[in-house]
Each structure stands twice: as structure tokens, then as C-alpha cells.
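Me: I have a structure open and want to go through its local geometry. Can you take my questions as they come?

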Amino acid sequence: MSVHHGESAIRPEPDKVIKDIADYVHNYKVTSDLAFETARLCLIDTIGCGLEGLRFEGCTRLLGPVVEGTIVPNGTKVPGTDYQLDPIRGAFNIGTMIRYLDFNDCFLAAEWGHPSDNLGAILAVADHLARQGQPLTVRDILEGMIKAHEIQGGLALLNSFNRVGLDHVVLVKVASTAVVSKLLGLSHSQTIDAISQAFVDGQSLRTYRHAPNTGPRKSWAAGDACSRAVNLALLVKKGELGLPSVLTAKTWGFYDVLFKGKQFEFQMPFGSYIMENVLFKISYPAEFHAQTAVEAAHTIFAQLKAMGKSSDDIKSVRIRTQEAAIRIIDKQGPLDNFADRDHAISYMVAYPLIFGELTSESYTDVSAADPRIDALRAKIFCVEEKPFSVDYHDPSKRSIGNALLVELNDGTVLDEVVVEYPVGHKRRREEGTPLLLDKFRRHISYHYDAEHQKKILATVSDAENLSKLRVDRFTDLFVKQ
């Protein structure tokens, strides 16, 4: 007869990773002027991306209160709408509209993601608290964004969640939970509890981003993560306990159940590196691994036009790209929906080769119905370029290289067009910043009259006074007119 003495019920000290995140949120002072200025640009761009999402019915049908007509006293105001919601539903609304078109910022490493997704939770909570009378300013939002970026990006640098089938929004949930816990007034120990709840919470499978299941859930997954983060932090504020060894518990912990027994690794301590090096999507609403390929396609379109030729004259297109792009966006065969198309490099290259542009409307069913698109897609193929894959992970480079080689039907081979750094990269920040502001102007132009646009632009352009502006007054700038 075997004797079993049972599992030990002694609660251990909290996992070091979770404690380190809580220490960073509560104790780290952000002193980097570059981080705050980049965060200002990121805030402007992210709000603009959310407003652009509102122009699409697929986005707007997801928004609003659960019960139609509900208005929450001192609730979160959702930019571009007249909704005033509880902060949990507000976080879903803001997070969803921000990410719906996949046009907001990006950070690429072992794991990929869009750290500005976290603004859904941060702005929802900060606005709600400000309307209750708490003295929160845009500076508090910027600091929260810097820290959320750092947590999400720091976990992404060396840890590949996609290789175990998990979607990167788990990192949005963790980062948002940590940052809003502090905003909500949780103690250091309560923040540890809340972060542990984010890790034990059911995690999204990445299958909704990949063939054959690619679909619109990928457009609201970040909004869902934001809302869950706010909910978990509020539950802990009411006394819910945490799980101290949620990562390391044998058999039942995150590492053993979801990460193949491997513990997280870190390339550097938490600071402000991620915000300082974040990638902006400026020129094209395209999955980031294809940004430089799309830029190259525009260059080739102009070359063909100068030669008196068009996409009809193309025999083949070879794309030299990074390994990550091949795993994520190299798709063959029919593309079923908007979400399928904006994650297919062949579509994102074919469209500008034919039309000389790539906009959010380029992915609609109406645009995709042109038979020339799939005909050209069939002539496009990808190969991995090892140096591109290496430089992609190099902390000093973080390049996202693509190279297009086009052969024409008459045997002419055009000079290969190589683009290693997109215009939204830190190395092209001086070039990209005016274009980023142009993008914001375009996005607000659909929602506000000329006079109000001037007011918004004047407010967001004055960095010093913007940082002192109360959060609720900032949000009020974007309420539906």
C-alpha cells in the first residue's frame, strides 16, 4: 500500500516575475524625456486609430453599453461617441476601436504585439476616476502607457507565446492589470494579487489570427483583454485573493500548463526601452511584418508607371522577408474577410502594385472583388532571408526588412527594392513624426468640424500644457459632436 501525504498547503512567496512587475509599477520613476515625448505621439496616434475604426460598421456594432441606453454616472466617455460607460465596458469599447483596423503601434521580438492596446484600460479607468474628482492628468496617462509598454514588451523580448499557440493579448491583460491596479489605488501586495489573477485567467488561442480561422475576433481581442484587466483589478480591490505561485506551481501553474514547463526570460530590467523604441504604423494599415514590403510595392508601382507598364505585365514577385512574416502572414488561396486580407502579405503587396495605394478601405469585400488581386497574388511568393531574421531580433536594430524582386512577362527583371526599416521605426522618427501627425489630422477630420479640429490639434501639440490637462477634459475633446 502506497502512502501519500498530500500537497503542501503552505502559501509560498509570490513568484519573482510578478513581484518585479509590481515593484516596477509602484516604485520606478520614469525620467526619460524621450519616453514621454514618444508616449505623447503614441497617445495622439492611438486615439486617432480608434476614431478611424469608428468609420467601419464591423467596429461600431461591437460598441456601446451591454444594455442599450445605459448611461453610467461619472462613467468612462468613449472618444468619437456619446457613450458613457462603466470602466470595464469602457475599456472594451476603447480597446476595440483602437485595435480594430490594426493601425496602432507595434513592437516585435520573440513575441509580437501592439502595446498601445493597453490605452483601452488605462484611459477608461483614468477618465472614470477623474470624473469622480481624482486629480489625474494626461501626464498620468503617459506614465501609465510607458509602463504598460515596458511590461508587455519586456515579456515579449525573449518569450514566444505564439510558439505555444497563445495570442499576445495575454500580455495586454497582464500589463493593463498591473498599471490600472496602481491607478485604482491598490497596494503593492494587491497589485501582485491582481497580476496573478491576469495570469491564471483563461488565455486566448492565437488561431483567430491564422489560416484557416482568421477572423474579426482578432480585432476585438485586445479590447476583451483590457476589459478583463479592469475587472480583475476591481475584484482584487474588493478583497479577492491572488495566487502567489501562479506561474511556478508544479503541474497546475502557467509554466507547466501553458508554456511547456519553460520559465520566462528577460533581456533587460524594466525601464523605458519599449516606448523609446516602439514602431508606429504611419503610411499603411498593414500587419507590421509587411510594412516595408508595402513601401517597396509603392516604389515598384511608380517604376512600372514610368515605364508605361502596369501590374498586368508582372510575371512573378519574389519577397525576401523575415521568418516571422512567413509564419504569420504568408497565405495562399482565397481570403474570406477583412481580417484575413490585412494579415496576408500577398494581398498587401498585390493591392498597391495594382492601385498604387493601400488604405483601410482596401480590405473590404468591395475592394477585394477585383479579380486582378488574386491573379497577382498567385504570382507572389516568399523566401526567408536569414540576415533579415537575425536583424529582426537584434536589440540595436529591430529591423523589419523586406525586399521585392519583380520579373515582367517580357523577361525584364526590375532592380530589387529593399526596405529594412519602416517609416515608423525609431531610426526614421524625424522623417516619420510629421507623417504621423498628418495621419492623426486625417483621422479626426471625419468626425469634427474645422474649428474643433483646430482646438484638438492645438491641445495635443502643446506638450507642456497637454501633460497638465485633466484626463476628463482631454477625453471631452473627443466626445461626439
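Me: What kind of model is it, and what is counted?

Reply: This is a predicted model, where local features need pLDDT of at least 70, side-chain atom pairs count only at pLDDT 80 or more, and totals for chains, interfaces and linings use all residues. Residues are numbered from 1 along each chain as its sequence is written, and side-chain values use heavy atoms, with hydrogens and water left out.

Me: Start with α5. How far apart are its end C-alpha atoms?

Reply: They are 17 Å apart. Helix α5 covers residues 119–131, and at 1.5 Å a residue its 13 residues should span 18 Å, so the two values agree. The expected span is 1.5 Å times one less than the number of residues. Helices here are DSSP runs (H or I, at least four residues), strands likewise (E, at least two), numbered from the N terminus.

Me: How many of the α5 residues are buried?

Reply: 13 of the 13, so α5 is largely enclosed by the rest of the structure. Buried means under 20% relative accessible area, exposed over 50%, and partly exposed in between (1.4 Å probe, protein chains only).

Me: What follows α5?

Reply: Gly-133 follows α5, and its phi is positive, near 105 degrees.

Me: Which residues other than glycine have a positive phi?

Reply: Thr-251 is one of them, with phi of about 70 degrees. Arg-398 is another, with phi near 50 degrees.

Me: Where do they sit?

Reply: Thr-251 is in the loop between α9 and α10 (254–258). Arg-398 is in the loop between α18 (386–393) and β7 (402–408).

Me: Buried or exposed, for Arg-398? And what about Thr-251?

Reply: Arg-398 counts as buried because its relative accessibility is 7%. Thr-251 is at 46%, so it counts as partly exposed.

Me: Where is there a cis peptide bond?

Reply: Between Ala-211 and Pro-212, with omega about 5 degrees. Pro-212 is in the loop between α8 (188–200) and α9 (217–237).

Me: Helix packing now. How do α12 and α15 cross?

Reply: The axes of α12 (residues 291–306) and α15 (residues 345–355) come within 8 Å and cross at roughly 25 degrees. Axes are lines fitted to C-alpha atoms, for helices over the stretch in contact, and angles run from 0 to 180 degrees between N-to-C directions. The two helices are therefore roughly parallel to each other. Angles under 35 degrees count as roughly parallel, over 145 as roughly antiparallel, 65 to 115 as roughly perpendicular and the rest as oblique.

Me: Which residues make the contact?

Reply: From α12, they are Ala-293, Val-294, Ala-297, His-298, Ile-300 and Phe-301. From α15, they are Ile-345, Met-348, Val-349, Pro-352, Leu-353, Ile-354 and Phe-355. Contact means heavy atoms within 4.5 Å.

Me: Last, Ala-325. What does it touch?

Reply: Ala-325 touches His-289 and Asp-330, not counting residues up to four places away in sequence. Ala-325 lies in helix α13 (residues 323–329) and is buried, at 2% relative accessible area.
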